[in-house]
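Subject: The structure you asked about

Hi,

Here is the structure to open on your screen. Have a look around, then read on for what turned up.

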Amino acid sequence: MSHSHLLHTSFVPTAPPSLRRRIGGGSHLPRKPHLIQSKIREIFMPALSSTMTEGKIVSWVKSEGDKLAKGESVVVVESDKADMDVESFYDGYLAAIIVDEGLSAAVGSTIALLAETEEEIALAQSKKSSSPASPSAAGSNDAPVVLEEMPSPVPASAPVVASVSSNAGAVGSAVHPASEGGKRVVASPYAKKLAKDLGVDLKGIVGSGPNGRVVAKDVEAALAAVNVGGGAATTAAEVAKPSGVELGSVVPFTTMQSAVSRNMVESLAVPTFRVGYTFTTDALDALYKKIKSKGVTMTALLAKATALALVQHPVVNSSCRDGKSFTYNSHINVAVAVAIDGGLITPVLQDADKIDIYSLSRKWKELVDKARAKQLQPQEYNLGTFTLSNLGMFGVDRFDAILPPGTGAIMAVGASEPTLVGTKDGRIGLKTQMQVNVTADHRVIYGADLAAFLQTLAKIIEDPKDLTL
Amino acid sequence: MQSAISLSLSSPSLIARSSAANDTCPSPLRSLRFCGLRREAFGAGASSAATSLRLASFNSRSQHSNLNGVFAALKGNGAPSSSGFDYDLVIIGAGVGGHGAALHAVEKGLKTAIIEGDVVGGTCVNRGCVPSKALLAVSGRMRELQNEQHMKSFGLQVAAAGYDRQKVADHANNLASKIRSNLTNSMKALGVDILTGFGTILGPQKLKFGKGDSGDKIITAKDIIVATGSVPLVPKGIEVDGKTVITSDHALKLESVPQWIAIVGSGYIGLEFSDVYTALGSEVTFIEALDQIMPGFDPEIGKLAQRVLVNPRKIDSYTGVFASKITPAKDGKPVQIELIDAKTKEPKETLEVDAALIATGRAPFTEGLGLENINVQTQRGFVPVDERMRVIDANGKLVPHLYCIGDANGKMMLAHAASAQGISVVEQVTGNDHVLNHLSIPAACFTHPEISMVGLTEPQAREKAEKEGFEVSIAKTSFKANTKALAENEGEGMAKLIYRPDNGEILGVHIFGLHAADLIHEASNAIAMGTRIQDIKFAVHAHPTLSEVLDELFKSAKVKLTAPKTVAKAVPV
């Protein structure tokens, strides 16, 4: 803590050893004498989105008896799409946990009790035993994780802040004491290098190295989690049944999977049709090779190209909200589907037509990492106006995507592969080609619209010099 | 016959040769040259039996000196030639510089003593180039064995390579003791008196040695050489505990291999240690005060070296910053390093690492030498000397009969430079005026691959050219075109020649690549001997060898001379 001021922050490292040690032995922290007025506050399940009716406790960051500081994370709650850290608005002690990890609770229901002083812990616990929920759990979770608490008399919909640090139970131990609760990333040289090369944002990663430092294997684990089929680094709550599926069992959807299911059914109400096109990508590949070292990813290049084509075809960027009208979107926000452990999410590259390719690539990395850590904010996955779905990296040469409700079109991108083609002058040659297939809402977007859009996109991809402007 | 000769010389030369294992200690050079001379002298006309030859060699040597190892060991090294002094020459400090001077002095017939206050061999042998070469030999192999791609390209399959830290450390330590005893024996064999204790100059031609108590002995000498060397420089604010905040002295003992080590200073010491540590699995952070890492190397070489030695390895760096405060790990807290901007001095960042190695350079070790007794003021600790290593006093006057060589004078802090300076001094005191050309002294950094250089860097050469009004040209060759390098799958590297196109003078040569440290000597010898490119380009190199990199380099230089003046005449053989 003495070093926190050296780091020029008022932030006190979250779980210093001294605090953790107290669990058993109680006392000795000088308490402010003027805090005499005693209070036991209830911690409610917060509403993390407008559609959320209940939330699942991913993990308790704090254990019963732990001291909490205002602004510290207390619990990680899973909502429809993201895991959020919920932080405390009060100083005090986590007196009793009412809803254990892995269980769900309705928004607004009490999930824990917060005592203002140590003496009141016992009182709070007796109060808890009178309430229905189950006991136990907590004490065991002394993994020194970050987090904050969210005490509060604040009603459920109160401003809950998703914290910077990642979800709890992950691999490692404590957050690095020098990381200022996640504001500063402490990562080893190789971890940094690897993160840069692999396009992983170090910010969401919980370190497993000495003092909670992020080391190479944490970065690799993070990447594995981003990639489809990637294993491991999920939240504590979900570790139970990660990739190994128990045959013969019925496993209920997670909140995210439920949300996907709802959306898929809803999509059936939209009359869609499909148009395919084949691009020659030699020039794009060459460009990619050239600027890859600057951190540019193929996803960002495709998003950029798509956005530039959409500028010329606003109708393809429109949607039909009420069955009676076109909604022409003022922004071109390209959503890109990302498989994450246990589901699928579509982080959005906002204003992809206006942002330069390098910033766009950086933004993408940040989004992917957040998605992996289930920390995307609603505006980061909700505002898409056009969606890209790319399975090319798995060798898929063509497929067909379902249109996400609320948008006008989605483009399915296949692998870029060397192909023998005949040219107009009667020769045959080898070219790298990529097939795309656009699914669109025919109420607003017609075949000719898509055809024109694809022609424009083909021009951009086959002569990609504008992408780097 | 030849072999008989070398046998007869075996006692001194074997010693010298085994110490050749140590890179920069030039004693072997001298001894080898000595062997060569002998061979020339006797090999030519000799047709008699081996025994008579051996006799001849003994005789001829004892004629003009007491140099013969066997005889000298029995007799001591004679009486001082000038009366009234205990010794002709006393050298304070038995590092590589002192050792080189002592051997040469004995060869020249001087009664010589050397004062050692610590251990024979000094920094180079005990805490520097020698043990570090042992560690680098290990790191080179580890690096190769760990490089799956590299092994596969040879068709080799290697299971996971591992190492035993203690045994690696032992290897370094054993090498140091071996070289140390070689050095000691070579001096004993020649009859150099080894005096133990700290030497202090009391006045002109007079000094004492001992533990600094009443048991000190006073001796006189016609000439005195100060060769006290240097110690690691630890900037203020840095607390060295020898465990988590260390200098090269500690690092060479390899008592631990930290997961993450910060190396303060990215010169050749830091660079070599980064090679060792990363090969053994550590991750490294460089902290460099200048704007780029690896200052001091030719910029082009530095850039390439960075691409090969830094970027692909587990290394990151902070440049343009000072480590203003370093606190060792304690109470469960890691090592803390506070960085400030090198220019504005504003705090920048605090690093927390497992260990920190201070490789910011070396400070001269000249305290307690008694320099005040002869009115000499050190400059930042260095003893001021002229180009002949003669010590200059506070009034700018030369102090008669007093010389200073090696790190203590700061001219060129390299073991072999110290030795060369020592030999130069001995030449002077025995009546041959001699000025050492420092531009001909090569330097090497034993990373994998190695970096070596001699003479000027390109910016230095261009600056000089500007001032003196001549033209500078650059020639370059790549290791990629070299058969031997390709056979080793080590095509990464380049050699660079900086020269004057008008007269073919070699201004500098820089090599980055496989065995660069061994390759540089063709260039350094050429500079030392004044050989011009138009001459050396006709020298023949064995094929296929790495030396062809230099062959090609010289051949690619374009000297604007009409006709090479020294083409050998065709002689039928």
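A salt bridge, as the term is used here, is a side-chain nitrogen of Lys or Arg within 4 Å of a carboxyl oxygen of Asp or Glu. Keep in mind that this is a predicted model.

Let's start where the two chains meet. How many salt bridges are there between chain A and chain B? The count is two. One salt bridge joins D354(B) to R213(A), and the closest N and O atoms of that pair are 2.9 Å apart. There are also nine residue pairs in polar contact between chain A and chain B, with both residues at pLDDT 80 or more.

Which parts of chain A do the touching? The elements giving two or more residues to the side facing chain B are α1 (2-6) and α4 (189-198) of chain A. Of these, α4(A) gives the most, with five residues. Sorted by kind, the residues on that side of chain A come out as nine nonpolar, six polar and four charged.

Now for the interface as a whole. The size of an interface is often given as the accessible area lost when the parts come together. Here, chain A and chain B bury about 1500 Å² between them, and 47% of that is on carbon and sulfur atoms. R213(A) turns up again: together with P189(A) and K193(A), it supplies 34% of the area that chain A buries against chain B, more than any other three residues. In terms of residues, the contact takes 19 from chain A and 24 from chain B.

Next, zoom in on chain B. Helix α8 (residues 129-146) packs against helix α10 (residues 165-190) there, at an angle of about 145 degrees and with the axes 8 Å apart. The crossing of α8(B) past α10(B) is right-handed. On the α8(B) side, the contact is made by V130(B), P131(B), A134(B), L135(B) and V138(B); on the α10(B) side, by V168(B), H171(B), A172(B), L175(B), A176(B) and I179(B). What kinds of residues are these? In this contact, 10 are nonpolar, one is polar and none is charged.

Last, one more salt bridge, this time within chain A. K363(A) pairs with E366(A), with the closest N and O atoms 3.8 Å apart. Both K363(A) and E366(A) sit in helix α9 (residues 357-372) of chain A, three residues apart, which is about one turn of the helix. Over all chains, the count comes to 40 salt bridges.

Happy browsing!

How values were computed
Residues numbered from 1 in each chain as written. Chains lettered and ligands numbered in written order. Predicted model: local features only at pLDDT ≥ 70, side-chain atom pairs only at ≥ 80, totals over all residues. Heavy atoms only, no water. Axes fitted to C-alpha atoms, helices over the stretch in contact; angles between N-to-C directions. Helix = DSSP H or I, 4+ residues; strand = E, 2+ residues; numbered from the N terminus. Left-handed = near helix turned anticlockwise from the far one by under 90°. Contact = heavy atoms within 4.5 Å. Nonpolar A, V, L, I, M, F, W, Y, C, P; charged D, E, K, R; others polar. Buried area = accessible area lost by both parts, 1.4 Å probe. Polar contact = N/O pair within 3.5 Å; in protein donor to acceptor, adjacent residues only side chain to side chain.
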